[in-house]
Amino acid sequence: MNIALFMQMAAEACADRVALTHAGVHFTYEQLFDSSKKAAKHFSESDCEFVSVMDVSSPAVPIAMMGAAMAGITYVPLNYRLSSEQINEQLARIEPVFLIVDDSQVNDYEIKGTVSGRRGLLAELETKPSNDFTWQEDPSAIAIQLFTSGTTGTPKAAILRHEHLVSYILSSIEFMGAEPEQAALISVPPYHIAGISSILSSIYACRRMVQLPNFDPDEWLRLCANEKVTNAFVVPTMLIRIIEQIEQTQFDLASLKSLTAMAYGGGKMPVPVIERALELLPEINFTNAYGLTETSSTISLLDPDDHRNALTDTDPIIKSRLGSVGKALPGVEIEVRDDDGNRLAPFEPGEIYVRGPQVSGEYLERNALIDDGWFPTRDAGHLDEEGYLFLSGRADDVIVRGGENISPAEIEDVLHGHDAIRDVAALAIPSEEWGEAVGLAVVLKGGAELSEDEINAVIRAKLRSSRIPAQLVFADELPYNESGKLLRRVMKAWFE
Amino acid sequence: MALKPGLRLKSVVCDAELMIIKAADGDNLTCGGESLSDEAPAEKAAGNSDQMNGCVIGKRYVNEAQTIEVLCIKSGDGSLYYNGDELMTKDTKKLPSSD
C-alpha cells in the first residue's frame, strides 16, 4: 500500500490522457509517472529524510509527492507565506531535506540537505534516463507530514501514513471514474490537506488537474472557461470573491457551461453565500466537504441533492441542513461527546469525534486517538436525528462569559444574514467582570451604513442579551489565511 | 503465502496484478485457477480454462461474506476465486467529488 500505486494505475490505464495542465502546458499520466520515478531516484541519491515543496502549485508538486512516496521518504509541503522565523523553525524540524522552492529563492535558505528551484528540478529530471523504480510497500510508513496551524504554541507535525490515504481514496473514489473531458481546477495551496487530497483523488479518478497557483477570482473564471473545467474545489472566501466578481463584472455565465460540480470546505461557509451561489449557478452540483488534516481530509459530505432540497423544501429541519456539513462518508463514524467523553444525543452540542481507517489522529509528538481509535477533532457541533453534522466552531473559540459558553457561530450566523453586512466575526476578549466577553468585528458591504446600536438591536432581537458585544470594531476586511481559515487571534489585537 | 493487507501479487497465468486489502479467512486466493506469486513467472502457466473471465484494473473484488477484498491493479484474463468461490466486483459508492 503506497500512494504511488495510484500514479502507476493511472499511467497503466490512461497513459496518454492529460493528467495535468499548468500555464497551458500539458502532462500525460505516463509523463507524470515517468517524472515521478526519476524524482524518486534523484531523492534517494540525495540522502535526504524529507522532501519538501515550499512553493505555489506547479507540476513539481505531484511529481515530488509521488517521487517521495516511491523513495520511501516523508513528503512535507510547507507554507511559503509564513514568517521567516516560522519557516526556519519548521525547516529545522525536517533535516536533512530536499527542498523545492521558487527558482528565485534557491540561495535564500541555509539548510542541511539540498535546495532546488522547481524549474531547475524539472529541467534536471528531463536530463535523466527513464527508470523502473520499484518501491517499498509498507502501509504504515509515513507518506505525508503537515505542520498544523495551531491556535497556540508550536505547530504540531500531523502525520498521514500510506494506509490512511489509500483507504480514503479507495473508499471514496472510483478508479478512472472521470471521463476524458473532465478537468478539476485546483486553486488551494499545496500545503493544505485539500490541496494534497485533490491531487490523489484526481490522479485516481484520472481527472485532469488544472493548476491555478495564485488564487484570483478573475483568473479563476478565465481558467474555468478556457480549460473547460468541469470540477472545482474552493474555500469559502474564494467562493465569496468569485460571486462578487461575477456580479460586479456581469460575467457571462454561459462561458462557465462546462462547470458542473463545485465542492467547498476548509472553513465555515456562511449560509447566505451558498444560497446566493445556488441561485446564481443553479446548474452546478454543490458539495460541502468537511474534514481535517488529521483525517486525510473529507469525513462528511453535504451532497448536491441535500443542497437543492434545503433550498426548495419547506420543512425547517431539511432547510437547516444547508448550514450543515452533511453525513459521514461510508466507513467513517462520527459522534458528539460532552466534556467527560459521554456520547450525546441528537441536537445536544458537544465536541465532534471521528473514527475510521482514513483517520490518523497522529502527530510526531503524540498519538491523539483515544478509546479504541476515536479522534477528538476539537471542533464543536451537534448531529441531527438523521446523522447530519452541524459545526459551531472550534471548541477553543468558545467564549466563556460568566461561566456561560457562547459559540461565535451563533452570533455570526445571525449577522451574516443582514443585508448590510459582508463579513463578521465574534471572539473572546478579556473582561474584568465576566472573565471573557464578546468582541465583534464587522465588515459592512460597500456603500452600506449600519450603526453599532442597530447591530446590537439585531442581536438582542434574535439572541440573548449576553450575546451583545462588549466591544464592536468595524473593519475593511477580516484576516484569513490562504487556507480560508479565519485568524481570530490576529483580531484579538483590534480590541486592546 | 499469508495474504496481508497491502501485499501485491502477480498472476502466474496472465498479466493480472492484485493488491490485498483484506483477507480474513485463509490464504486460498487464485487467479485463473492458480495461486498468485510475488514475482511474475518466466513463463505463464496454463491455468483453468473455466476460470478465465478476466479481472479489471481499478475494480475491487469481494466474496459474499466480505471476508476478502482485493484491488486489481493491472488487468488480466484470469478470474479471481477465494476458497473456491468466484469473487464479484464491489462498487464504490457514487459520491460527488469533494476534493
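Leaving aside neighbours within four places in sequence, A:Ala368 touches A:Gly361, A:Tyr363, A:Trp374, A:Phe375 and A:Pro376. The structure examined here is a predicted model. A:Ala368 lies in the loop of chain A that runs between β18 (362-363) and β19 (375-383).

Is A:Ala368 buried or exposed? Its relative accessible area is 6%. Buried means a value under 20%, so A:Ala368 counts as buried. In sequence, A:Ala368 and A:Glu294 are 74 residues apart, while in space their C-alpha atoms are 9.6 Å apart.

## The chain as a whole

Chain A contains 15 helices and 25 strands. Its radius of gyration is 23 Å, close to the 23 Å that the globule rule gives for 496 residues, so chain A is as compact as a globular protein of that length. The C-alpha trace spans about 70 × 50 × 45 Å along its principal axes.

Of the 496 residues of chain A, 57% count as buried. Contacts between residues at least 6 apart in sequence may also be considered: 65% of them join residues at least 24 apart.

## Helix α10 and its neighbours

Which residues of helix α10 (residues 271-280) of chain A are buried? They are A:Val273, A:Ile274, A:Ala277, A:Leu278 and A:Leu280. These buried residues pack against α9 (236-249), β12 (261-264), β13 (285-292) and α11 (304-312) of chain A.

The axes of α9(A) and α10(A) come within 10 Å and cross at roughly 45 degrees, which makes α9(A) oblique to α10(A). The crossing of α9(A) past α10(A) is left-handed. On the α9(A) side, the contact is made by A:Leu239, A:Ile240, A:Ile243, A:Ile246 and A:Glu247. On the α10(A) side, A:Val273, A:Ile274, A:Arg276, A:Ala277 and A:Leu280 take part. The residues of this contact of α9(A) with α10(A) comprise eight nonpolar, no polar and two charged.

## Helix α8 against helix α9

Helix α9(A) also meets helix α8 (residues 217-226) of chain A, and the axes of the two come within 9 Å and cross at roughly 80 degrees. Angles of 65 to 115 degrees count as roughly perpendicular, and α8(A) and α9(A) are therefore roughly perpendicular to each other.

In α8(A), the residues A:Pro217, A:Asp218, A:Trp220 and A:Leu221 meet A:Arg241, A:Ile242, A:Gln245 and A:Ile246 in α9(A). The residues of the contact of α8(A) with α9(A) divide into five nonpolar, one polar and two charged. A:Ile246 of α9(A) is named in the contact with α8(A) and also in the contact with α10(A).

## Helix α13 against helix α14

A further helix pair is formed by α13 (residues 408-416) and α14 (residues 452-462) of chain A, which pack at an angle of about 115 degrees with their axes 10 Å apart. That angle makes α13(A) roughly perpendicular to α14(A). The crossing of α13(A) past α14(A) is right-handed.

Which residues make the contact? From α13(A) they are A:Ile411, A:Val414 and A:Leu415, and from α14(A) they are A:Ile455, A:Val458, A:Ile459 and A:Lys462. The residues of the contact of α13(A) with α14(A) comprise six nonpolar, no polar and one charged.

How values were computed: Residues are numbered from 1 along each chain as its sequence is written. Chains are lettered from A and ligands numbered from 1 in the order in which they are written. This is a predicted model: local features need pLDDT of at least 70, side-chain atom pairs count only at pLDDT 80 or more; totals for chains, interfaces and linings use all residues. Side-chain values use heavy atoms; hydrogens and water are left out. Axes are lines fitted to C-alpha atoms, for helices over the stretch in contact, and angles run from 0 to 180 degrees between N-to-C directions. Helices (H or I, at least four residues) and strands (E, at least two) are DSSP runs, numbered from the N terminus. Angles under 35 degrees count as roughly parallel, over 145 as roughly antiparallel, 65 to 115 as roughly perpendicular and the rest as oblique. A crossing is left-handed if the near helix is turned anticlockwise from the far one by less than a right angle, and right-handed if clockwise. Contact means heavy atoms within 4.5 Å. Ala, Val, Leu, Ile, Met, Phe, Trp, Tyr, Cys and Pro count as nonpolar, Asp, Glu, Lys and Arg as charged, and the others, Gly among them, as polar. The radius of gyration is taken over C-alpha atoms; the globule rule is 2.2 Å times the number of residues to the power 0.38. Buried means under 20% relative accessible area, exposed over 50%, partly exposed in between (1.4 Å probe, protein chains only).
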